[in-house]
Amino acid sequence: MKKIALFLIFFICSTVKAQETTTPQTALEFQQDLNKEYANPEESPLTEQDLKSFKSLDFYPIDEKYILTAQFKRTENERVFKMKTSTSRLPEYRKYGEITFVLEGKTFQLNIYQNIELIKKKGFEDYLFLPFSDESCGKESYIGGRYLDLRIPTSNTIVVDFNKAYNPYCAYNHKYSCPKVPLENDLNIAILAGVKKFHD
């Protein structure tokens with residue numbers, strides 16, 4: 001289990017670096033880097049069988065409408081809690097804030113979290129975790145929802161690029177332990193951006 005946790009942290013670290021800027025070009029670079037990682041036996045979460053035939057993850061076309069400037073609200077004095085995962089593992093998180101954004105004329109809100117263990121590591125003190133699910137889940141995208149990595153903003157706005165949404169490792173291999181998307185982060189809209197599901 002410790003090895004799995006370290007592997008997940010490595011994956012988070014690699015994707016955070018690729019998500020510090022937000023343009024269609026950086027979204028493309030993020031997706032290309034993700035494919036390289038998944039094709040590498042030393043880094044890939046894929047099963048041995050899937051790795052043999054792996055060519056590329058399936059992505060939605062990059063769409064600028066999913067690069068959003070959201071309002072950011074810091075929520076103070078939040079208690080540390082144990083987030084449910086796909087296994088019995090219960091990592092500690094804290095709700096850090098809320099974002100509000102408009103998409104297709106509708107207003108949505110999502111909670112953003114901090115992984116208590118990860119923010120203790122040098123270079124990740126400002127790391128934020130945004131798990132979400134939407135109406136595409138179980139259809140074109142992974143049924144369990146997807147993740148985004150962000151950094152603590154320096155103002156009351158934050159740029160969110162759903163083109164950089166990626167699947168938890170559990171979407172590829174059941175041996176991993178992945179945080180489940182909290183119910184309050186389920187969007188009643190289809191986010192047609194980022195990584196699609198791996199298998200039908």
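**Chatting about charged side chains**

User: Let's start with Asp-161. Where is Asp-161 found?
Analyst: Asp-161 is found in strand S7, which covers residues 157–161. Keep in mind that this is a predicted model.

User: OK, and is Asp-161 buried or exposed?
Analyst: Asp-161 is buried, and yet it has no salt bridge.

User: Which side chain of opposite charge is nearest, and why isn't that a salt bridge?
Analyst: That's Lys-164, 4.5 Å away.

User: Then what does the side chain of Asp-161 make a polar contact with?
Analyst: With the side chain of Asn-163, at 2.8 Å.

User: And what does Asp-161 touch, leaving out residues up to four places away in sequence?
Analyst: Asp-161 touches Thr-22, Thr-23, Ala-27, Tyr-66, Ile-67 and Leu-148.

User: Switching topic: how many salt bridges are there?
Analyst: The count comes to five. One of them joins Glu-104 to Lys-65, with the closest N and O atoms 2.8 Å apart.

User: Where do Glu-104 and Lys-65 sit?
Analyst: Both are in loops: Glu-104 between strand S3 (92–103) and strand S4 (106–115), Lys-65 between helix H3 (48–53) and strand S1 (67–74). The pair therefore ties together parts that are 39 residues apart in sequence.

User: Buried or exposed, those two?
Analyst: Glu-104 counts as exposed, at 51% relative accessibility. Lys-65 is partly exposed, with a relative accessible area of 38%.

User: What does Glu-92 form a salt bridge with?
Analyst: With Lys-82, where the closest N and O atoms are 3.7 Å apart. Glu-92 is in strand S3 and Lys-82 in strand S2 (residues 80–82), so to speak two distant parts of the chain, ten residues apart, get linked. Glu-92 counts as partly exposed, at 39% relative accessibility.

User: Now Arg-146. Which residue does Arg-146 form a salt bridge with?
Analyst: Asp-134, and the closest N and O atoms are 3.1 Å apart. Arg-146 is in strand S6 (residues 146–151), while Asp-134 is in the loop between strand S5 (127–132) and S6. The two are twelve residues apart.

User: Is Arg-146 buried or exposed, and what about Asp-134?
Analyst: Arg-146 is buried, with a relative accessible area of 0%. Asp-134 counts as buried too, at 4% relative accessibility.

User: Why does 4% count as buried?
Analyst: Because buried means under 20% relative accessible area, and Asp-134 is at 4%.

Terms used. Residues are numbered from 1 along each chain as its sequence is written. This is a predicted model: local features need pLDDT of at least 70, side-chain atom pairs count only at pLDDT 80 or more; totals for chains, interfaces and linings use all residues. Side-chain values use heavy atoms; hydrogens and water are left out. A salt bridge is a side-chain nitrogen of Lys or Arg within 4 Å of a carboxyl oxygen of Asp or Glu. Helices (H or I, at least four residues) and strands (E, at least two) are DSSP runs, numbered from the N terminus. Buried means under 20% relative accessible area, exposed over 50%, partly exposed in between (1.4 Å probe, protein chains only). Lys and Arg count as positive and Asp and Glu as negative; His and the chain ends are not counted. A polar contact is a pair of N or O atoms within 3.5 Å; within protein, one must be able to donate a hydrogen and the other to accept it, and residues adjacent in sequence count only if both atoms are side-chain atoms. Contact means heavy atoms within 4.5 Å.
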